[in-house]
Amino acid sequence: MSKITTPCNCDCSSFVSAICVCAGLPESTFFPGGNGCVTSTIGPACLSTGKFSNLTGSKYTAQKSYLKRGDILCNVNAHVVVVLSNGSNA
């Protein structure tokens, strides 16, 4: 993140897109055409890298104990966040 030197305003999906690029994932995947992903496109972008799994079971979606640091949670109609710490059963 220290290499980002231009001040900008980000929404949740563009911020997570920037985090993914900082983690070494392809910029072209997360900023196609120069614009960051939106909540409806960031999930497919993550999955296209082969570095993520799509976990949809209720043990991941209805509680936090199985979440791991770095997991990306995406509600395609509302919001995207990155998990900051491991759950108790991670």
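**Around Ser17**

In this predicted model, a polar atom of the Ser17 side chain lies 3.4 Å from the backbone nitrogen of Cys37. Residues are numbered from 1 along each chain as its sequence is written, and side-chain values use heavy atoms, with hydrogens and water left out. Because the model is predicted, local features need pLDDT of at least 70 and side-chain atom pairs count only at pLDDT 80 or more, while totals for chains, interfaces and linings use all residues.

Ser17 belongs to helix α1, residues 12-22 (a helix being a DSSP run of H or I with at least four residues, numbered from the N terminus). With a relative accessible area of 0%, Ser17 counts as buried, since buried means under 20%, exposed over 50% and partly exposed in between, with a 1.4 Å probe and protein chains only. Apart from neighbours within four places in sequence, Ser17 is in contact (heavy atoms within 4.5 Å) with Phe30, Phe31, Gly36, Cys37 and Ile42.

Cys37, Phe30 and Ile42 are also among the 10 residues of the largest nonpolar core, together with Cys12, Val16, Cys20, Leu25, Ala45, Cys46 and Val80; such a core is a set of buried Ala, Val, Leu, Ile, Met, Phe, Trp, Tyr and Cys residues joined through side-chain atoms within 4.5 Å. The elements that give two or more residues to this core are α1 and α3 (39-48). Cys46, leaving aside its neighbours within four places in sequence, is in contact with Cys20, Phe30, Phe52 and Ile72.

Helix α1 also holds Phe15, which is partly exposed at 39% relative accessibility.

Methods:
Polar contact = N/O pair within 3.5 Å; in protein donor to acceptor, adjacent residues only side chain to side chain.
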